[in-house]
Amino acid sequence: MASFQVQGREWLARGEKKLKSLGWFGNKYEEAAECFEKAANQFKLAKAWNEAGDAFVQLAGVHTKLESPHDAAMAWVEAGKAYLKLDHRKGVWALQQAVALYTDMGRLGMAARQLRDIGEVLDKEGEKEASVTFLEQAADLFATENSKSEANKCNLKVAQTLAELGHFPRAIELYESIARTSVESNLLKYSAKGYLLCAGICQLASNSTEGCREALARYRDIDVTFDRSREEALLSALVEAMDARDVDAFTVAIQEYDSMTRLDAWKTSILVRVKRMIASPYAAAGGAGDEDDLT
């Protein structure tokens, strides 16, 4: 490992020396680029991630001098990947440089991929609000490039995160929009009922049974297969239980659905919130709302 790092520093020094030389016709930049790339790869082998990132940053600068924005963007991406091993903020910064270059070149799909990666990194780091911002930008660029499936994936993550943050109206709007987009595609239409179920759960979490009833009628128009589906039956049962403040009926409806289609962790966590609202005001005394009580 140490020898790789030593070799990396040697190549880095050669590259920096090339940049300081007189050189002719841009050759010194091409030679320096080769040195910096070799340095970065040696640092990667040594798992010296910060030095690898720094070498890729220098490589990006040289490619910019050579008026090769595509190569510069790729170097920024590699720098970002290296930095992310140790410092997510430096990694995000490097990926943002790549986004700017890809956008300037009109490579919107590539820019969208980096924005999506930034959003996913920030989500893992618990920076939810910032994650939403980048994922929304990624979804917009994917949609511009007519990559509906990729745009949907980003928007779904945005909707999920918004709901986790308690921003239910925005989450509902997104889930319904994704469902509308999905029914127009032969590949995606079978997923629409699931998205409408998520929207309905968010309606319940916003403490609006009337809004949920209105939404159910709207969902039948969005997706004709939603009518009399298991998803509609579940939401209808949950609305009735919520109106009656009947915790037992609420739990039974979920158990019946879960016995056929396993609820994921996100749906379970949002439904726990709803159950706590139903159980109030005696929730604090009775301890209602544990996730295990749902299923």
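**Reading the features**

Analyst: Begin with one residue. Arg-180 has a relative accessibility of 37%, and that makes it partly exposed. Keep in mind that this is a predicted model.

User: Where do Glu-176 and Arg-180 lie?

Analyst: Again, the idea comes before the case. An α-helix has 3.6 residues a turn, so residues three or four places apart point the same way. Both Glu-176 and Arg-180 belong to helix α9 (residues 168–183). They are 4 residues apart, about one turn of the helix.

User: Is Glu-176 buried or exposed?

Analyst: Glu-176 is buried, because its relative accessible area is 7%.

User: How many salt bridges does the structure hold?

Analyst: There are 21 salt bridges. Take another one: Glu-78 pairs with Lys-44, and their closest N and O atoms are 3.6 Å apart. This pair links distant parts of the chain. Glu-78 sits in helix α4 (residues 69–84), and Lys-44 in helix α2 (residues 27–45), 34 residues apart. Glu-78 is partly exposed, with a relative accessible area of 25%. Lys-44 is partly exposed too, with 30%.

User: Show me one more pair.

Analyst: Look at Arg-220 and Asp-227. Their side chains meet in a salt bridge, 3.7 Å from N to O. Arg-220 is partly exposed at 31% relative accessibility. Asp-227 is partly exposed as well, at 39%. Elsewhere, salt bridges with shared partners join Arg-116, Asp-117, Glu-150 and Lys-153 into one network.

User: Now the backbone. What is the phi of Lys-47 near?

Analyst: Lys-47 has a phi near 60 degrees, a positive value in a residue other than glycine. Lys-47 is found in the loop between α2 and α3 (49–65). With a relative accessible area of 52%, Lys-47 is exposed.

User: Where does Arg-228 lie?

Analyst: Arg-228 is in the loop between α11 (209–222) and α12 (230–244). Its phi is also positive, near 65 degrees. Arg-228 is exposed, because its relative accessible area is 76%.

User: Next, helices. How many residues does helix α6 have?

Analyst: Helix α6 (residues 108–124) has 17 residues. To read a helix, compare its reach with the expected span. From first C-alpha to last, α6 reaches 24 Å, close to the 24 Å expected at 1.5 Å a residue. Just after α6, Gly-126 takes a positive phi of about 85 degrees.

User: Which helices do the buried residues of α6 pack against?

Analyst: They pack against α4, α5 (88–105), α7 (128–144) and α8 (148–164). Buried residues of α6 include Leu-115, Ile-118 and Leu-122.

User: How do I read a pair of helices? At what angle do the axes of α6 and α7 cross?

Analyst: Check the approach, then the angle. The axes of α6 and α7 come within 8 Å and cross at roughly 160 degrees. Therefore α6 is roughly antiparallel to α7. Their crossing is left-handed. Contact residues include Leu-108 and Ala-112 of α6, and Phe-134 and Leu-141 of α7.

User: And at what angle do the axes of α7 and α8 cross?

Analyst: Roughly 155 degrees, and the axes come within 8 Å. So α7 and α8 are roughly antiparallel to each other. This crossing is left-handed. Among the residues that meet are Val-132 and Leu-135 in α7, and Val-158 and Leu-162 in α8.

User: Last one. How far apart are the end C-alpha atoms of α12?

Analyst: They are 21 Å apart. The 15 residues of α12 should span 21 Å at 1.5 Å a residue, so the two agree. Leu-234, Leu-238 and Val-239 are among the buried residues of α12. The buried residues pack against α10 (192–205), α11, α13 (247–260) and α14 (265–279). After α12 comes Arg-245, with a positive phi near 50 degrees.

Key: Residues are numbered from 1 along each chain as its sequence is written. This is a predicted model: local features need pLDDT of at least 70, side-chain atom pairs count only at pLDDT 80 or more; totals for chains, interfaces and linings use all residues. Side-chain values use heavy atoms; hydrogens and water are left out. A salt bridge is a side-chain nitrogen of Lys or Arg within 4 Å of a carboxyl oxygen of Asp or Glu. Helices (H or I, at least four residues) and strands (E, at least two) are DSSP runs, numbered from the N terminus. Buried means under 20% relative accessible area, exposed over 50%, partly exposed in between (1.4 Å probe, protein chains only). The expected span of a helix is 1.5 Å times one less than its number of residues. Contact means heavy atoms within 4.5 Å. Axes are lines fitted to C-alpha atoms, for helices over the stretch in contact, and angles run from 0 to 180 degrees between N-to-C directions. Angles under 35 degrees count as roughly parallel, over 145 as roughly antiparallel, 65 to 115 as roughly perpendicular and the rest as oblique. A crossing is left-handed if the near helix is turned anticlockwise from the far one by less than a right angle, and right-handed if clockwise.
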